[in-house]
Amino acid sequence: MTEIPFASVSTFQELSARERLAALLDGGQFRELVGPFDRVGSPWLEPQGLVPQSDDGVVVVRGKTSGHAIVAIAIEAAFEGGSVGEVGGAKIAAALELAAESCRADDPIAALLLLESGGVRLQEANLGLAGIARIQSAIVGLRELAPVVAVVAGPTGCFGGMSLAATLCTWIIGTAHGRLGMNGPEVIEQEAGPDELDATDRELIWKLIGCEARYRQGLIDAFVADNAPSIAKAIGAALAQGVQTPVRLQNAEARLAGLRRDVMPTEAAGTGKVTTGGHRA
Amino acid sequence: MTTEASTGRGGLWLEALAGHSAKTVMDTRSILEATVNLGDPSEPVLALTVTPDPASRLPRAAHGEFGLEQAWTIAARIRQSINEDAARGMRRPILAIVDTPGQAFGRLEEQQCISVACAAAVDAYIAARRAGHPLLAFIVGRAISGSFLAHGLQAQRILAINGDGVIMHAMSPQSIARITRRTVEEVIEQAASSMPMSYSIENAHRLGVVHTLIEGISPEAPIPASVSIVKEALCRTLTEIRDEAKRGVRYAARVKDNPSRVGTATIERLMREQWNPDHLKRNQG
């Protein structure tokens, strides 16, 4: 059997979650925590006629990257669209909280999040939401002690509550195949109608939420080529910068003023009537 | 007092709990605040809510959604209150009163990075909690998805009225009905068969996501008797939050005895056991 070294794989976006971690960690070496052999899958999928996976689509490992001790977490896009449910959410949150404990005990450890996620897993809606809220809190807690680096490399992209989680990280790295947005184009079209956004208009979508556009807007911090060495190098550079507060989240009052000055029409756009896709219960 | 048509449930409860009119925050008509006094001797609590603004300059956020303006306003107000209180050497509790149909869905919203605006609100709530402001959330209507993440879900304790129209979910039943081409009734009925998928606030309570259910009052009409019941519950919860903060209770402790949270409890235990490398040696004997 021939083994293909991961670094020679030209495109990162085709790699599975475990392959991504092997490609980014020093020497391809890591130790997986609560892996598939621990057999903790989602208890909620089978009753809804879906097949659970014994790692719930979240891979948590410890290893090193660019010489820095790291807990690295990858969401497997191939399982339920990278959606976050009870078990996967608890894995991410618990790992980040343990990393913070470790930092407080003078054993510094940074975090790497490979985020390919549609957001909350609809079949576990409320537990997914609660899980993401806890992940967000854990990111902010760790961010004050060690860098938390997010990578959005595609092909799924990072949406919903997980786009908020990415945004809370110290540093975000994207590639040309990554997309980062709160609401996916299909959801916007469904909610607001095709006049608001045509989800089939690929060029428009990439200009709107593609990582290249996000880099130009200053939402993400690095835009790199879609291969493991480029991404690993960017991660190393981010870790070398150490603890920082992400600028994108600061100066809320000034951002509000900017929004009013530069973006919002001076008059109410409609007559106040609900035209399409009203949500009133 | 403003009328129900313009304030929605959030505004009604805010003014009823405060006993006076609410004011708009930073000229954002859809964000209201008031001071709610809890306990005896009474303690001031900063209460905030999102409310419909039919004349919103951003049309996708006219019905009480959490949009760009709402998210940045909440973030700015929470940051301001952290700074004000730090200067006065106090840490006022913050109460998020929740009834929103979700985040604003729109092209402009994505272009202007609504994820950053909502994350800034999340970040501000977390900063307040970490600075020592007790955070409470009180659901009086719809607690949906990104809007609930940005306004409510960072609270140490979530209370809800067990009554008509009080629901929690990742997507409104109307949206799922549109996407799956079913009626709203069908969506709600089918979701009820799975506890986390259910819209029922009772199920959210069983899962431990909602901590306290307030029974026997109407969420639509905050009459004085209901207001005192809610204020008592909020007051008790405040004491619990402070006790728990003193004891440093871990997340694992909160889920370990809940039969509906075996998945979370198992992960908590295994992740901690396996965190340090020497567990392998131990397991091997």
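Let's start where the two chains meet: 74 residues of chain B are in contact with 72 residues of chain A. Keep in mind that you are looking at a predicted model. Which elements of chain B give two or more residues to the side that touches chain A? They are helix 2 (68-88), helix 3 (107-111), helix 4, helix 5 (145-150), strand 7, helix 6 (173-180) and helix 11 (262-275). Helix 11 of chain B gives the most, with 11 residues. Sort the residues on this side of chain B by class and you get 40 nonpolar, 22 polar and 12 charged.

Now step back and look at chain B as a whole. Its secondary structure comes to 12 helices and 8 strands. The radius of gyration of chain B is 20 Å, close to the 19 Å that the globule rule gives for 285 residues, so chain B is as compact as a globular protein of that length. Of the 285 residues in chain B, 55% are buried. Take the contacts in chain B between residues at least 6 apart in sequence: 66% of them join residues at least 24 apart.

Where they touch, the contact takes 5 residues from domain 1 of chain B and 7 residues from domain 2 of chain B. On the domain 1 side, that makes 3 nonpolar, 1 polar and 1 charged residues.

Next, the inside. In soluble globular proteins, nonpolar side chains tend to be buried together. Here, the largest nonpolar core has 186 residues, and those with the most contacts inside it are Ala71(B) and Cys118(B). Helix 4 (residues 114-131) of chain B gives the most to this core, with 12 residues. Both domains of chain B take part, as the core draws at least three residues from each of them. What does Cys118(B) touch, leaving out residues up to four places away in sequence? Its contacts include Leu164(A) and Met182(A) in chain A, along with Phe66(B), Ala71(B) and Leu149(B) in chain B.

For a look at one particular spot, find Gly163(B), in the loop between strand 6 (157-161) and strand 7 (167-169) of chain B. Is Gly163(B) buried, exposed or partly exposed? With 18 other C-beta atoms within 10 Å, Gly163(B) counts as partly exposed, because a residue needs 20 or more to be buried and 12 or fewer to be exposed. Not counting residues up to four places away in sequence, Gly163(B) touches Ile217(B), Ser218(B) and Pro219(B). Its C-alpha atom is also separated by 7.6 Å from that of Glu215(B), 52 residues apart along the chain.

Finally, hop over to chain A, where 7 strands form an open sheet in the order 1-2-3-4-5-6-7, with mixed pairing. Strand 1 (30-33) and strand 7 (222-223) of chain A stand at the edges, each with a single partner strand, so one side of each is left without a neighbour in the sheet. Strand 1 of chain A pairs with strand 2 (residues 58-65) of chain A in the antiparallel sense, over 4 bridges. In strand 2 of chain A you'll find Arg62(A), standing opposite Arg31(A).

Conventions:
Residues numbered from 1 in each chain as written. Chains lettered and ligands numbered in written order. Predicted model: local features only at pLDDT ≥ 70, side-chain atom pairs only at ≥ 80, totals over all residues. Core = buried A, V, L, I, M, F, W, Y, C linked by C-beta atoms within 7 Å. Domains from an automatic or database assignment. Pairing = 2+ DSSP bridges. Rg over C-alpha atoms; globule rule 2.2 N^0.38 Å. Nonpolar A, V, L, I, M, F, W, Y, C, P; charged D, E, K, R; others polar.
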